[in-house]
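My notes follow in the order I made them.

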Amino acid sequence: MTEPREDRIVAEGVHKAFGENEVLKGVSFSVAQGSATAIIGPSGSGKTTLLRALNALDVPDAGVIRVGEVEIDFSKPVGKDELRRYRAQSGFVFQSHNLFPHKTVLQNVTEGPIVVQKQPKEQADADAVELLEQVGLAEKRDQYPFQLSGGQQQRVGIARALALKPKVVLFDEPTSALDPELVGEVLSVIKDLAVEGWTLVVVTHEIQFARQVSDQVLFTDRGVILEKGPPAEVIGNPKEERTRQFLDRILNPL
């Protein structure tokens, strides 16, 4: 009998509003260690805000979230040191790369380990080269972001997130800013990370990717998780009419 996997993320009753707009309305879910979770849903459903709450890029108004080894009750005041420890549990891959334009590929990947984690430069450089090999970009180490394609820039962003050795890697629609022919190279890297046992949470509109790679799919709509479960259920045989409507529109656009 397989031992149950420890949860790397546990979220309970998470709320977030921007002014009068309540974006998250008491969201609860968990993510098992070494699993991949895909968050899907229509624009404005709260999926990116939910992801950003897991890294406190958007600090929740209420709710309890544990990421890795740090748990925070956001209904109480949260100190800067506590937030720093919480954010250190996860790596974040943005839609639009967010690389430092004046730094080389290698320097972009080593910035976090050297500046945040105070790693010796030699160690950070060696680890970064390994990660760049993993994402197929070791030969680009001395180039600058403007010399790379969008897909290559996103792969550097993934290496940068991994360099911090996070407990969880969070991806915010990592292919949405890419030309269609570059999408595959980024999704391939994420698939490899899932196979290697990284704990991943991916906000995505790539439904076939979610079906193939994820262990769990969360369908969000109007600030709540309307449906969650294995992709064979949520995508293959959804229970909710709203989920069926969304998937039909995405998978059968004509």
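This is a predicted model: local features need pLDDT of at least 70, side-chain atom pairs count only at pLDDT 80 or more; totals for chains, interfaces and linings use all residues.

**Entry 1. The cavity**

I looked for cavities of 30 Å³ or more and found one. The largest cavity has a volume of about 50 Å³. I listed its lining: Ala-36, Thr-37, Ala-38, Ile-190, Leu-200, Val-202, Phe-209, Ala-210, Val-213 and Ser-214. By class, I get eight nonpolar residues, two polar and no charged ones.

Which elements each supply at least two residues of that lining? I found strand 3 (36-40), strand 8 (200-203) and helix 7 (207-213).

I traced an open sheet of six strands in the order 6-7-8-3-9-10, with mixed pairing. Strand 6 and strand 10 (224-229) are the edge strands, and each pairs on one side only. Neighbouring strands here are turned by 20° against each other on average, direction ignored.

I then checked what packs on this sheet. Helix 9 (residues 241-251) touches strand 3, strand 9 (216-221) and strand 10. The direction of helix 9 makes about 100° with that of strand 9. Helix 5 (residues 150-163) lies across strand 6 and strand 7. I read its angle to strand 6 as about 170°.

Do strand 6 and strand 7 (residues 168-172) run parallel or antiparallel? They run parallel, joined by four bridges. I picked out two positions. Gly-91 stands opposite Val-169, and Val-93 has Phe-171 as its bridge partner.

Next I checked which way the residues of strand 6 (residues 90-93) point. Ser-90 and Phe-92 go one way, Gly-91 and Val-93 the other. Are these residues buried or exposed? All are buried.

I moved to the pairing of strand 9 with strand 10. The pair is antiparallel, over five bridges. Phe-219 stands opposite Glu-227 in strand 10. The hairpin of these strands has two residues between them.

I found an open sheet of four strands, order 2-1-4-5, with antiparallel pairing. Its edge strands are strand 2 (21-32) and strand 5 (70-73), each pairing on one side only. The twist averages 10° from one strand to the next.

I looked at one pair closely. Four bridges join strand 4 (residues 62-67) to strand 5, and the two run antiparallel. Val-64 stands opposite Asp-73 in strand 5. Helix 2 packs on this sheet and touches strand 4 and strand 5. Its direction makes about 130° with that of strand 5.

**Entry 2. The largest pocket**

I turned to the open spaces. The largest pocket has a volume of about 570 Å³. I counted 19 lining residues, and the closest to the centre are Arg-87, Ser-90, Phe-92, Val-116 and Leu-164. Ser-90 and Phe-92 are the pair that point one way from strand 6.

Helix 2 (80-87), strand 6, helix 3 (105-116) and helix 5 each supply at least two lining residues. Which element gives the largest share? I found helix 3, with four residues. By class, this lining has eight nonpolar, seven polar and four charged residues.

**Entry 3. Val-109**

Why does Val-109 count as buried? Its relative accessibility is 0%, so I call it buried, the cut-off being under 20%.

I then listed its contacts, leaving out residues up to four places away in sequence. Val-109 touches Ala-128, Leu-131, Leu-132, Val-156, Ala-159, Arg-160 and Ala-163. The C-alpha atoms of Val-109 and Ala-159 are separated by 6.3 Å, and the two residues are 50 residues apart along the chain.

Key:
Residues are numbered from 1 along each chain as its sequence is written. Side-chain values use heavy atoms; hydrogens and water are left out. Buried means under 20% relative accessible area, exposed over 50%, partly exposed in between (1.4 Å probe, protein chains only). Two strands pair if DSSP finds at least two bridges between them. On a 1 Å grid over the protein atoms alone, a cavity is a set of points where a 1.4 Å probe fits but cannot get out, and a pocket is an open set with protein on both sides within 12 Å along at least five of seven lines; lining residues have an atom within 4 Å of a point. Grid points are joined across faces, edges and corners, and a volume is the space filled by probe spheres set on the points. Ala, Val, Leu, Ile, Met, Phe, Trp, Tyr, Cys and Pro count as nonpolar, Asp, Glu, Lys and Arg as charged, and the others, Gly among them, as polar. Axes are lines fitted to C-alpha atoms, for helices over the stretch in contact, and angles run from 0 to 180 degrees between N-to-C directions. Contact means heavy atoms within 4.5 Å.
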